[in-house]
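Open the model in your viewer and keep the sequence panel beside it. We will go from the whole chain down to single residues.

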Amino acid sequence: MTPRSSSSSSSTALLTDHYELTMLEAALRSGAASRRCVFEVFARRLPDGRRYGVVAGTGRLLAAIEQFRFGDDELDQLRGVVDEATLGFLADYRFDGDIWGYAEGECYFPGSPVLVVEADFAHGVVLETLALSILNHDSAIASAASRMTSAAGDRPCIEMGSRRTHEEAAVAAARAAYIAGFATTSNLEAGRRFGVPTAGTAAHAFTLLHDDEREAFSAQIAALGKGTTLLVDTYDVPTAVALAVELAGPELGGVRLDSGDLLVQAREVRDQLDRLGATDTQIIVTSDLDEYAIAALAAGPVDRYGVGTSLVTGSGAPTAGMVYKLVARTDDAGVMVGVAKKSKDKASVAGRKYALRRRNARGIAEAEVIGIGQPPDDDGDDRALLVPLMADGRVVDDAAVDLEAARTRHTTSRAELPAAARRLQRGEPAIPTTYLDAE
C-alpha cells in the first residue's frame with residue numbers, strides 16, 4: 001500500500017456521490033470491478049431551442065482527476081460508508097486509464113461523445129459525478145456565452161456575474177465565458193487562477209460616497225486616469241455626461257449606462273458625446289443583458305456589453321444536460337461488448353464512439369458523424385473531433401486544454417457551422433447527428 005497523506009485540502013475525491021462508492025464496493029465483492037470498460041459523456045439533447053453547445057471545463061476536469069486521491073481525512077470520512085476492503089482500494093487509488101474527448105471550445109451536438117473514459121470499472125465509475133458536475137456547469141456557461149458573443153459581433157463582452165452565483169461557480173463561469181469569446185472578467189480569482197484578463201472601474205456606491213458627481217468623477221479620474229469609464233446614470237444622464245467630458249476632456253475612455261431604455265439612451269449619449277468633441281469615448285451598457293438584449297442593441301452606438309446574471313445562469317439553461325454512461329465492457333471471455341440503457345426517453349447507444357464533423361467542399365459543417373466501434377471514414381473535407389487527453393492517468397495534450405487555444409478553437413468551430421446556428425430563434429440543432437455502426 002502506498003503512503004497516504006493526512007492533509008487532503010486539495011483532494012477532489014469527495015466531490016462525488018455516495019452511490020459511486022457503494023457501486024464500487026459491490027463490484028469489488030463480485031469480481032466485476034476489474035472488467036475493462038468504456039464510459040462516455042454526452043448530451044441526449046440540447047437545451048430547448050438551442051442550435052449548438054460548447055464544450056468547456058475539460059481543463060478543470062483533468063486537473064481535478066489528477067487530484068482525485070483518498071488521504072487519511074477522506075478515508076476516515078468514508079468509514080461506515082464502504083467496507084475495509086474498499087477503503088484499502090481507495091487508499092491506493094490513482095486514475096490509470098485513458099481519456100479522449102472534444103477539445104475545449106469545440107461545438108457539440110446531441111449524442112456527441114464529448115468525453116470517452118477507458119479504464120477498468122473500479123477506476124472509471126468513481127469519476128462520474130466529478131466529470132458531470134464540471135462539464136455540465138462549464139459547458140452550459142460557455143454555450144450561453146457563445147450566443148452572446150455571436151450576437152455582439154465585433155463588440156467586446158465583459159463577464160461580470162460574480163455577485164449572482166456561488167463564489168467558486170463564479171470563477172469557473174469566468175473561465176468558460178472567456179473560452180466562448182468574452183474579452184474580460186470582473187473576477188480577480190479567475191485572473192489569478194486561469195489568467196483570464198480582468199477589468200473594472202466603479203459602481204454607484206462610489207458616486208454616492210461623495211457629495212456630488214463632480215467630486216466622485218474627479219476622484220476616479222485622478223486615480224485611474226482620463227481613460228477610465230465613468231458611470232453616468234446615478235442621477236441624471238445628460239448632466240453626468242457633460243460633467244464627465246468637462247473633467248476628462250475628449251480623452252475620456254468611456255461612459256457606462258446601467259438602467260433605463262439602453263438603446264434610446266445610447267443614441268442620445270452618443271450624440272451628446274460627439275457634440276462635445278468626445279468622439280472616441282466609448283459607451284458601455286450593462287443591466288440584465290442577455291443574448292436577446294445584445295442583439296436588440298446591435299442597431300445602437302454601443303461599444304461594449306457587460307453581462308452578469310444571465311451569463312452565470314446559462315441564460316435559462318444552467319446545465320448542459322450531459323450524462324456519463326457505460327457503453328462497453330469486457331465479458332467473461334475478455335471480449336469487449338457494447339452495452340446500453342434501454343429505458344424509455346433515456347436510452348443510450350451501445351459501443352465505443354468515434355466522431356468527426358462532416359463538412360462540404362466550402363468547409364461548412366453538414367453533420368456530426370459518429371462511428372460505433374471504429375472511426376467513420378473521412379471523405380476528404382471532414383474533421384476528426386476526439387483527441388487524446390490522458391494516457392495511463394496522465395495528461396498528454398496540453399493544447400487541448402490551453403485556455404488561449406480553446407478560445408481560438410471556439411471561434412473556428414463556430415465559424416464552420418451553417419448560418420442557422422447563429423440565429424437566436426428557437427430551432428433544431430444546426431446539424432444532424434448520424435450514427436454509423438461498424439457491423
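What share of the contacts in the chain with a separation of 6 or more comes from residues 24 or more positions apart? Such pairs account for 74% of them, where contact means heavy atoms within 4.5 Å.

Before you click, know what you are viewing. This is a predicted model: local features need pLDDT of at least 70, side-chain atom pairs count only at pLDDT 80 or more, and totals for chains, interfaces and linings use all residues. Residues are numbered from 1 along each chain as its sequence is written, and side-chain values use heavy atoms, with hydrogens and water left out.

**Stop 1: the whole chain**

Show everything as a cartoon. The C-alpha atoms fill a box of roughly 80 × 55 × 35 Å along the principal axes. There are 15 helices and 19 strands. Both are DSSP runs, numbered from the N terminus: helices are H or I with at least four residues, strands are E with at least two. Of the 439 residues, 51% count as buried. Buried means under 20% relative accessible area, exposed over 50%, and partly exposed in between, with a 1.4 Å probe and protein chains only.

**Stop 2: two domains**

Colour 18–126 + 321–436 as domain 1 and 153–315 as domain 2. These bounds come from an automatic or database domain assignment. The centres of the two domains, taken over C-alpha atoms, are separated by 38 Å. Their contact takes 15 residues from domain 1 and 16 residues from domain 2.

Now select 14–136. UniProt, in an unreviewed entry, lists this span as "domain: Nicotinate phosphoribosyltransferase N-terminal". UniProt positions use the numbering used here, feature names are shortened, and annotations may be inferred rather than shown by experiment. The span is 41% helix and 19% strand, and its end C-alpha atoms lie 18 Å apart.

**Stop 3: the cores**

Select Val232, Val285 and Tyr305. In the largest nonpolar core, which has 59 residues, these three touch the most other members. Such a core is a set of buried Ala, Val, Leu, Ile, Met, Phe, Trp, Tyr and Cys residues joined through side-chain atoms within 4.5 Å. Where does this core lie? Domain 1 and domain 2 both give residues to it, so it lies between them.

Zoom in on Tyr305. Leaving aside neighbours within four places in sequence, its contacts include Ala152, Pro156, Val285 and Leu297. A second, separate core has 58 residues, among them Val55, Phe95, Val116 and Phe121.

**Stop 4: strand β9**

Select residues 254–257, strand β9. Gly254 and Arg256 point one way, Val255 and Leu257 the other, and all are buried. In a regular strand the side chains alternate between the two faces of the sheet.

Strands pair if DSSP finds at least two bridges between them. Strand β8 (229–231) runs parallel to β9, joined by 3 bridges. Leu231 stands opposite Arg256. Strand β10 (282–285) is also parallel to β9, with 4 bridges. Here Val255 has Ile283 as its bridge partner.

**Stop 5: an open sheet**

Finish with the 4 strands in the order β16-β14-β15-β19, an open sheet with mixed pairing. The edge strands, β16 (383–384) and β19 (433–437), each pair on one side only. Strands β14 (353–359) and β15 (365–372) are antiparallel over 7 bridges. Find Leu356, opposite Val369 in β15.
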